[in-house]
Amino acid sequence: MSKTVLITGGTSGIGYASAKALKAEGNRVLITGRDQARLDKAASELGVEAILCDSTNAAAIVALGKRLAKDGITLDGLVLNAGIFYPRAISDESWDNIQVTMNTNFAGPFMMMQALAGTMSNPASVVFISSVAVEKAHPTCAAYAASKAAFEAAAGVMNVELAASGIRVNSIRPGVTLTEIQKKAGMSDEDIAGLAESLKGLPVGRILSPADIVPAVQYLLSDASIAMRNGHMTIDGGFGL
Ligand code: NDP
């Protein structure tokens, strides 16, 4: 059955690949982004609708909810995907990096839930793109892991408070996935090649790609997963073992 799904951060990586797959299934897909040019390019390539919304801007999130309501758009699915990862050892961590990480990966998705809950159908499915960093202690990931774990903790309460409205929230915990996130984290091409090489030692034998994550997004959005509440699907190729 065709659904209406909004994906935050649809300009690249997992969000882009999810939008492409959901659109190909015949769903109505909307993506958000923080950069108008990147957003327009992605929307035109994907043939989906785009709404500018910086996940760290509370007013923009409220405006997004109002716009959906005004346009009569009811969401069957919401993929809280927009996220950042700026790795830092504890000794190099900064207040500013902690703030931007918490704002993007925790406060933004949290306030999206508040702003968009009233525009959701009954039933509706929310998929949070978390990280294996929540369960596997990995150097340089402390603030990032905490930001993802913070939303997962809030999601438990959301599953209880919003159950009467038919809204359920589940998380996917990807392992290392080749997207733009590595370059945005400051890694060079050589660094990324070295990372990919090192991951050949994983049980899956390679770095992941967005295509490894998308089927889980599709499943959690589908009615087949209606009984899943506050689930955490780890897709990490064995990274956490
Ligand atoms: P990308 O950098 O390719 O995609 C991230 C998306 O989020 C982009 O569209 C980006 O927009 C958007 N975004 C970032 N900040 C904001 C903001 N403030 N407002 C709106 N949009 C924003 O990375 P991935 O596809 O890898 O990341 C997707 C999710 O997957 C993230 O939540 C990430 O933490 C998670 N994840 C990724 C892993 C990996 O190894 N790749 C592993 C585990 C989890 P813009 O184009 O402007 O940058």
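In the protein chain, 72% of the contacts with a separation of 6 or more are accounted for by residues 24 or more positions apart. The model is predicted. The protein chain holds 8 helices and 7 strands. Its radius of gyration is 17 Å, close to the 18 Å that the globule rule gives for 241 residues, so the chain is as compact as a globular protein of that length. The C-alpha trace spans about 50 × 40 × 35 Å along its principal axes. Of the 241 residues, 43% count as buried.

Leu80 lies in strand S4, which covers residues 75–80. Leu80 counts as buried because 27 C-beta neighbours lie inside 10 Å; the cut-off is 20 or more. Neighbours within four places in sequence set aside, Leu80 is in contact with Thr8, Pro109, Met112, Val126, Val127, Phe128 and Ile129. Phe110 is 30 residues from Leu80 in sequence. In space, the C-alpha atoms of Leu80 and Phe110 are 9.3 Å apart.

Helix H5 runs over residues 142–161 and has 20 residues. From first C-alpha to last, H5 reaches 29 Å, close to the 28 Å expected at 1.5 Å a residue. The buried residues of H5 are Ala143, Tyr144, Ala145, Ser147, Lys148, Phe151, Ala155 and Met158. In an α-helix there are 3.6 residues a turn, so residues three or four places apart point the same way. The cover over the buried residues of H5 includes helix H4 (95–116), strand S5 (120–129) and strand S6 (167–174).

An annotation from a record covers part of the chain. In an unreviewed entry, UniProt lists residues 3–179 for "domain: Ketoreductase". Over residues 3–179 the chain is 44% helix and 21% strand. The end C-alpha atoms of this stretch are 26 Å apart.

Some backbone details remain. Most residues other than glycine have a negative phi, and most peptide bonds are trans. A cis peptide bond joins Asn122 and Pro123, with omega about 10°. Pro123 lies in strand S5. Thr140 has a phi near 80°, a positive value in a residue other than glycine. Thr140 sits in the loop between S5 and H5. It is partly exposed, because 17 other C-beta atoms lie within 10 Å. Asn230 likewise has a positive phi, near 60°, and is a residue other than glycine. Asn230 belongs to the loop between helix H8 (210–221) and strand S7 (232–235). With 15 other C-beta atoms within 10 Å, Asn230 is partly exposed.

Conventions:
Residues are numbered from 1 along each chain as its sequence is written. This is a predicted model: local features need pLDDT of at least 70, side-chain atom pairs count only at pLDDT 80 or more; totals for chains, interfaces and linings use all residues. Helices (H or I, at least four residues) and strands (E, at least two) are DSSP runs, numbered from the N terminus. The radius of gyration is taken over C-alpha atoms; the globule rule is 2.2 Å times the number of residues to the power 0.38. A residue is buried if 20 or more other C-beta atoms lie within 10 Å of its own, exposed if 12 or fewer, and partly exposed in between; C-beta atoms are placed from the backbone. Two residues are in contact if their C-beta atoms, placed from the backbone, lie within 7 Å. The expected span of a helix is 1.5 Å times one less than its number of residues. UniProt positions are given in the numbering used here, feature names are shortened, and annotations may be inferred rather than shown by experiment.
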